[in-house]
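Let's walk through this structure from the overall dimensions down to individual side chains. Have the viewer open and follow along.

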Amino acid sequence: QVQLVESGGGLVQAGGSLRLSCVASGSIIRVESMGWYRQAPGKPRELVAHITDGGTTNTADSVKERFTPSRDIAKNTLYLQMNSLKPEDTAVYYCYAYLIPNGGSGYYNYWGQGTQVTVSS
């Protein structure tokens with residue numbers, strides 16, 4: 001059983017910072033990539049950042065220069081450092097991992113339960 005658990009969300013004033021974490025646990029053969037999506041009320045889910053096991057990152061234009069993804073591959077942990085937060089960053093942030101579970105025949109996407117980030121003006 002594979003689980004992704006996010007932490008680090010909360011309420012912060014505009015201009016502040018938060019650091020999200022996501023731990024993938026369970027019987028995992030290999031994690032190819034991990035990333036973050038977010039979903040604000042009434043809006044579709046959007047990709048925020050993605051990072052491969054080789055360290056290649058892809059960050060949305062709306063958060064570039066402010067958000068930085070990173071990974072601790074040995075710990076199957078993903079981070080998202082969020083600086084200069086804006087009210088429009090308010091959303092539920094979801095972690096995902098593209099991985100091979102023990103007993104699996106290929107790669108599958110797994111999702112966390114989400115963590116709320118609220119930025120007040």
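Start with the radius of gyration, which is taken over C-alpha atoms; the globule rule used with it is 2.2 Å times the number of residues to the power 0.38. With 121 residues, that puts a compact globule near 14 Å, and the protein has 14 Å, so the two agree. Along its principal axes, the C-alpha trace spans about 50 × 25 × 25 Å.

A word on what you're looking at: this is a predicted model, in which local features need pLDDT of at least 70 and side-chain atom pairs count only at pLDDT 80 or more, while totals for chains, interfaces and linings use all residues. Residues are numbered from 1 along each chain as its sequence is written, and side-chain values use heavy atoms, with hydrogens and water left out.

Now the fold. Helices (H or I, at least four residues) and strands (E, at least two) are DSSP runs, numbered from the N terminus. By that reading the protein has zero helices and eleven strands. Take contact to mean heavy atoms within 4.5 Å: of the contacts with a separation of 6 or more, 57% are between residues 24 or more positions apart.

Accessible areas come from the Shrake-Rupley method with a 1.4 Å probe, and for residues only the protein chains shown count as cover. The protein exposes about 6,300 Å², with carbon and sulfur atoms supplying 47% of it. For single residues, buried means under 20% relative accessible area, exposed over 50%, and partly exposed in between (1.4 Å probe, protein chains only). Buried residues make up 43% of the 121.

Ser-21 is one of those to look at: it sits in strand 3 (residues 18–25) and is buried, at 16% relative accessibility. Leaving aside residues up to four places away in sequence, Ser-21 touches Val-5, Glu-6, Ser-7, Trp-36, Leu-78 and Tyr-79.

Glu-65, in the loop between strand 6 (57–59) and strand 7 (67–72), has a phi near 75°, a positive value in a residue other than glycine. Its relative accessible area is 78%, so Glu-65 is exposed. Ser-84, in the loop between strand 8 (77–82) and strand 9 (91–101), also isn't glycine and has a positive phi, near 50°. Ser-84 counts as partly exposed, at 43% relative accessibility.

Finally, the salt bridges. Here that means a side-chain nitrogen of Lys or Arg within 4 Å of a carboxyl oxygen of Asp or Glu, and the rule gives four of them. In one, Asp-53 pairs with Arg-30, with the closest N and O atoms 2.2 Å apart. Asp-53 is in the loop between strand 5 (46–52) and strand 6 and Arg-30 is in strand 4 (residues 28–39), so the pair ties together parts 23 residues apart in sequence. Asp-53 is partly exposed at 28%, and Arg-30 is partly exposed at 34%.

Which residues does the salt-bridge network link? They are Arg-38, Glu-46, Arg-66 and Asp-89. Asp-89 bridges to Arg-38 with the closest N and O atoms 3.0 Å apart; because Asp-89 lies in the loop between strand 8 and strand 9 and Arg-38 in strand 4, this pair ties together parts 51 residues apart in sequence. Asp-89 is buried at 0% relative accessibility, and Arg-38 is buried at 6%. Asp-89 also meets Arg-66 in a salt bridge (2.7 Å, N to O). Arg-66, in the loop between strand 6 and strand 7, is buried too, with a relative accessible area of 9%.
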